[in-house]
Amino acid sequence: MRLLLIHQNLPGQYRHLLVHYGQQPDCQVIGLGEARRLRENFRAPIPGVKLVGYQTPSPSKATTMPTMRATEAAVTRGQVVLKALLQIKKAGFYPDVVYAHPGWGETLFLKDVFPKSRLLHFCEFYYNTAGQDFSFDPEFPNSADDVLRLRIRNLHHLMALEQADVGIAPTIWQRTRFPSAYQPKIEVVHDGVDTDYVKPDDQAFIEFPNKKLRLTKADEVITFVSRNLEPYRGFHIFMRALPELLKARPNAHVVIVGGSDVSYGRRPAKGTYRELYLAEIGDRIDFSRVHFVGKVSYAIFLKLLQVSTAHVYLTYPFVLSWSMMEAMAAGCLVVGSRTPPVEEVITHEKNGLLVDFFSSQQLVESILRICEDPNRMQEVRERARQTIVDRYDLHRICLPRQKELIESSRA
């Protein structure tokens, strides 16, 4: 089989697929992504996989109509990728199957180059003005112009849906966001969690040499993880809960993982969201017990989960983070927001605790409940891990199902 995997931030959701198919002697595998990101993301090559990079497209010009900028950016990227696809074809590679993330326009012209290839699309998100992230948070209201931009932003997604032979969405809720006419060809298969590797470890510890601090499972450790610290992932709600939480638990330590950029939503008018909310809560937190660690290696991230007393995961109704699933697999007790698709995975008091996204008070009360429990609600933790093992295990459930969809789509 000849397989082409396309993602602007390769490997993205495809790391395990690249590794698997790269090991198959009867497969030829090419991974196509933005050249600069390939250099950042692949410190070492994946055996059996040829990586091909395309140049970062030029940004949309300020003179472009605001409602059309996302569409123009997608078309521009699609044209850049088109040149890379033509080079791949010229070199003699014609894929049987293409599995691509179409979110940035990469596949707009793919069928013009490879009309006989079967095309699978990763259906991560479709924009709607109701029932999801748009206008969810009254602290960040949207304008009429924002509605127009959102409507038009779906143009290249519709083109992608029309071209795709099969779609794959990671959760049921994410599939329901797409137009009903296309949902029948979208399968629900999560990316998967390697539960053989991501698992509890009673001996885990985290050290902060500069503070001469070592944290273990015997300590009270509250963890919060987000790629970037921003409102979409409830950072503002969490920060506002800290003063009361720290006052109620004088021995608790809070470890906050995440960068200072913005992955989703609008940027603050000035500075970063971290600076904004630190200024808001002022001197009401003890920095000897609140640790901003930025972005960390996966190994450190896993150790943090393994020592966590309570793990906070808040999100708008939006794409579900890998980190929440990994936290459950590592034996964390997740305090999550009562928002989809969190509710698709966590049932309140069965395999986690759910709170109103906007209620810092409910968040504090739930964390205190965990800290005050003599065994820290161990049965809930065990059911959380079992949920991931039973429904989202990488090697036994998700990867086999992904392979089935890919291999049944061969031209």
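The model is predicted.

Stop 1: The structure holds 22 aromatic pairs. Select Phe125 and Trp173. Their rings form a tilted pair, 6.4 Å centre to centre, with 45 degrees between the planes. Phe125 lies in the loop between strand E5 (118-122) and helix H5 (144-153), and Trp173 lies in helix H7 (residues 172-176), so the pair ties together parts that are 48 residues apart in sequence. Are these two residues buried or exposed? Both Phe125 and Trp173 are buried.

**Stop 2: a stacked pair.** Now select Tyr197 and Tyr298. This aromatic pair is stacked, with 6.2 Å between centres and 20 degrees between the planes. Tyr197 is in the loop between strand E7 (186-188) and strand E8 (205-208), while Tyr298 is in helix H10 (residues 298-307), so the pair ties together parts 101 residues apart in sequence. Tyr197 is partly exposed, at 46% relative accessible area. Tyr298 is partly exposed too, at 36%.

**Stop 3: the cluster.** Go back to Phe125 and Trp173. Both belong to one aromatic cluster.

**Stop 4: charges over rings.** Select Arg15 and Phe42. The charged end of Arg15 sits over the Phe42 ring, 5.9 Å from its centre. Next, select Arg274 and Phe292. Here the charged end of Arg274 sits over the ring of Phe292, 4.2 Å from its centre.

**Stop 5: the surface.** Select Met65, Met68 and Leu155. They make a nonpolar surface patch of about 260 Å². Leu155 is in helix H6 (residues 155-163). Its relative accessibility is 37%, so Leu155 counts as partly exposed.

Key. Residues numbered from 1 in each chain as written. Predicted model: local features only at pLDDT ≥ 70, side-chain atom pairs only at ≥ 80, totals over all residues. Heavy atoms only, no water. Patch = residues over 30% accessible without salt bridge, like charges linked within 9 Å, V, L, I, M, F, W, Y side chains within 5 Å. Areas by Shrake-Rupley, 256 points an atom, 1.4 Å probe, with all protein chains shown as cover. Salt bridge = Lys/Arg side-chain N within 4 Å of Asp/Glu carboxyl O. Helix = DSSP H or I, 4+ residues; strand = E, 2+ residues; numbered from the N terminus. Buried < 20%, exposed > 50% of the residue type's maximum accessible area, 1.4 Å probe, protein only. Phe/Tyr/Trp six-rings, centres within 6.5 Å; stacked < 30°, edge-to-face > 60°. Lys NZ or Arg CZ within 6 Å of the ring centre and 35° of its normal.
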